[in-house]
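Good morning, and thank you for coming.

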Amino acid sequence: RSFILASFLMISSRAFQVARVASRPTFMRAMSTVPEDQKPMYALGINLAKQIGGQFRGLIDTNGPEMDAVIQGFKDTMKDELTEEPNAFLAKHGPELNNILQERAGSVVDKMKADGEDFITNFLDVNPEAVKTDSGIVYLEMVAGTGESPKIENTVEVHYHGQLTDGTVFDSSVQRGQTISFPLGNVIKGWQEGLQLMKEGGKATLVIPSELGYGDQGSGETIPPGATLKFEVELFKVQ
């Protein structure tokens, strides 16, 4: 069982983040139908789904027999009504489940990358002044700077506003209201290249494909694997 569960977790650490970020839940129906005295138990269900279920959103069909089977397995295990020894059942069917999830996770990452390529194409179409570098990042100058351009060994002070291609904001020093300073050599390659195209006092949009961002691993729960990223960056100081 531990081997199978470890395998599940290995998959989730790579690609299940895609579904958590890309499939934003809508808050509607159901809650109002739960009797008031059962809402604490409903809260338990929400907690379990947030801790575990989010890893599988987008990888199983939540509106069909797959979801029914997941819920039935949970209920039968909780009620000790399994007709087979659980470890043996997991050893028998776990490898097939891993294969299914790996295949679907790979498809999700491939789609994320394809969506990113489409986004870059469209961005270049509507912003003819934007430049696509040999590496693949897109650079659009918004405000021309007049100061020094950073080198890889410099520390820079910036404001930034980071979005996924669907417009989701995943990080923003602008929203926090505080600039951030960091060694340029310590950040993703897309930032390293893009910031060196800027000058102090300048502002630019950077569109960074996944291979120059966070790759097939993504970052935490906010940046899915394979994601193309869009940043608005304002360079204040080069040190």
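Let us start with strand S1, residues 131-132, and strand S2, residues 138-143, which pair in the antiparallel sense over 2 bridges. Please bear in mind that this is a predicted model. Within this pairing, lysine 132 has valine 138 of S2 as its bridge partner. S1 and S2 form a hairpin, with 5 residues between them. In the turn you will find glycine 136, which has a positive phi of about 120°.

S2 is also joined to strand S6, residues 203-208, by 5 bridges, and these two strands run antiparallel. Here leucine 140 stands opposite threonine 205 in S6.

We now turn to the helices. Helix H3 covers residues 65-78, 14 residues in total. From its first C-alpha to its last, H3 reaches 20 Å, close to the 20 Å expected at 1.5 Å a residue. After H3 comes aspartate 80, with a positive phi near 55°.

Finally, the surface. Which residues form a nonpolar patch there? They are Met41, Leu44, Leu48, Ile52, Phe74 and Met78, and together they have about 610 Å² of accessible area. Helix H2, residues 39-51, and H3 are the elements that give two or more residues to this patch. The largest share, 3 residues, comes from H2.

Isoleucine 52, another member of the patch, lies in the loop between H2 and H3. Is isoleucine 52 buried, partly exposed or exposed? Its relative accessibility is 47%, so isoleucine 52 counts as partly exposed, a class that lies between under 20% for buried and over 50% for exposed.

Terms used: Residues are numbered from 1 along each chain as its sequence is written. This is a predicted model: local features need pLDDT of at least 70, side-chain atom pairs count only at pLDDT 80 or more; totals for chains, interfaces and linings use all residues. Side-chain values use heavy atoms; hydrogens and water are left out. Two strands pair if DSSP finds at least two bridges between them. Helices (H or I, at least four residues) and strands (E, at least two) are DSSP runs, numbered from the N terminus. The expected span of a helix is 1.5 Å times one less than its number of residues. Patches are made of residues with over 30% relative accessible area and no salt bridge: like charges are joined within 9 Å, nonpolar side chains (Val, Leu, Ile, Met, Phe, Trp, Tyr) within 5 Å. Accessible areas come from the Shrake-Rupley method with a 1.4 Å probe; for residues, only the protein chains shown count as cover. A salt bridge is a side-chain nitrogen of Lys or Arg within 4 Å of a carboxyl oxygen of Asp or Glu. Buried means under 20% relative accessible area, exposed over 50%, partly exposed in between (1.4 Å probe, protein chains only).
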